[in-house]
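Have a look at the fold first, then read on.

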Amino acid sequence: MNSTVTAVSSNGEYSFTKPNRDSVRLLAGLGVEGDVHAGVTVKHRSRVAKDPTQPNLRQVHLMHQELFAELRTAGFEVMPGDLGENITTSGIDLLALSVGTLLHLGDEAVVEVTGLRNPCLQIDRFQEGLLKRVVGRGAGRAGGRRAGRQGGGPARRTRRPPDPHSAPQPHRGHRPLEYV
């Protein structure tokens, strides 16, 4: 199976969903240019309320297209950008990635996987019952959390679908993802 970026999304304002774009520009150490969550320090409202000086480990939100197909069979209609992700991928097992994995998007962009997205009640406000489906109990890998991965770090370059991607394992071996 070919691994590709299937959609890119961003929003300069706080909202649950993010509109799809023709392309986004990834800025090293900041995230997606013009996105409300880009920056060196935390931008998610709950994190800012606790400590606005925390490093931003949620600069880029990644989600796999295969989850949308699975949700569709359960009666949910979820499209790229609907759950607030910046980059939607296909053909790579995002759930199996380790902390520190460098996800190569196209020829030049690289996003370092920093941890798990901690899904919140807003997902049920989007579609009732969806939170339970993306959290999952007893799903095994990554604590059953399937609502995406967070990234940041050395990203630079414009991304547009259908860019290929790859994710070699970090040199220090597999380290399980935790919430960031």
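A residue counts as buried when its relative accessible area is under 20%. By that cut-off, buried residues make up 48% of the 180 residues in the protein chain. Keep in mind that this is a predicted model. The chain has 4 helices and 11 strands. Among contacts with a separation of 6 or more, 68% are between residues 24 or more positions apart.

**The pocket**

The largest pocket comes in at about 600 Å³. Its lining takes in 21 residues, and those nearest the centre are His-37, His-44, Arg-58, Cys-120 and Gln-122. Helix H1, residues 45–50, gives the most to that lining, with 4 residues. Here's how the lining divides up by residue class:

| Class | Residues in the lining |
|---|---|
| Nonpolar | 5 residues |
| Polar | 10 residues |

His-37, one of the residues nearest the pocket centre, sits in the loop between strand E4 (31–32) and H1. Is His-37 buried or exposed? It counts as buried, because its relative accessibility is 10% and the cut-off is 20%. Along the chain, His-37 and Gln-59 are 22 residues apart, yet 5.8 Å separates their C-alpha atoms. Leaving aside neighbours within four places in sequence, the contacts of His-37 include Tyr-14, Lys-18, His-44 and Arg-58.

**Helix H2 and its cover**

Now for helix H2, which spans residues 65–73 and has Leu-67, Phe-68 and Leu-71 as its buried residues. Looking down the axis of H2, these buried residues fall within an arc of 100 degrees, so they line one face of the helix. Just after H2, Gly-75 takes a positive phi of about 95 degrees.

**Thr-88 in strand E6**

Strand E6 runs over residues 87–90 and holds Thr-88. Thr-88 is buried, because its relative accessible area is 0%. What does the side chain of Thr-88 join in a polar contact? The partner is the side chain of Glu-85, at 3.3 Å. Apart from neighbours within four places in sequence, Thr-88 is in contact with a set of residues that includes Thr-4, Val-5, Met-63, His-64, Phe-68 and Pro-80. Phe-68 in that set is also one of the buried residues of H2.

Note on methods: Residues are numbered from 1 along each chain as its sequence is written. This is a predicted model: local features need pLDDT of at least 70, side-chain atom pairs count only at pLDDT 80 or more; totals for chains, interfaces and linings use all residues. Side-chain values use heavy atoms; hydrogens and water are left out. Helices (H or I, at least four residues) and strands (E, at least two) are DSSP runs, numbered from the N terminus. Buried means under 20% relative accessible area, exposed over 50%, partly exposed in between (1.4 Å probe, protein chains only). A polar contact is a pair of N or O atoms within 3.5 Å; within protein, one must be able to donate a hydrogen and the other to accept it, and residues adjacent in sequence count only if both atoms are side-chain atoms. Contact means heavy atoms within 4.5 Å. On a 1 Å grid over the protein atoms alone, a cavity is a set of points where a 1.4 Å probe fits but cannot get out, and a pocket is an open set with protein on both sides within 12 Å along at least five of seven lines; lining residues have an atom within 4 Å of a point. Grid points are joined across faces, edges and corners, and a volume is the space filled by probe spheres set on the points. Ala, Val, Leu, Ile, Met, Phe, Trp, Tyr, Cys and Pro count as nonpolar, Asp, Glu, Lys and Arg as charged, and the others, Gly among them, as polar. The arc is that of the directions from the helix axis to the C-beta atoms.
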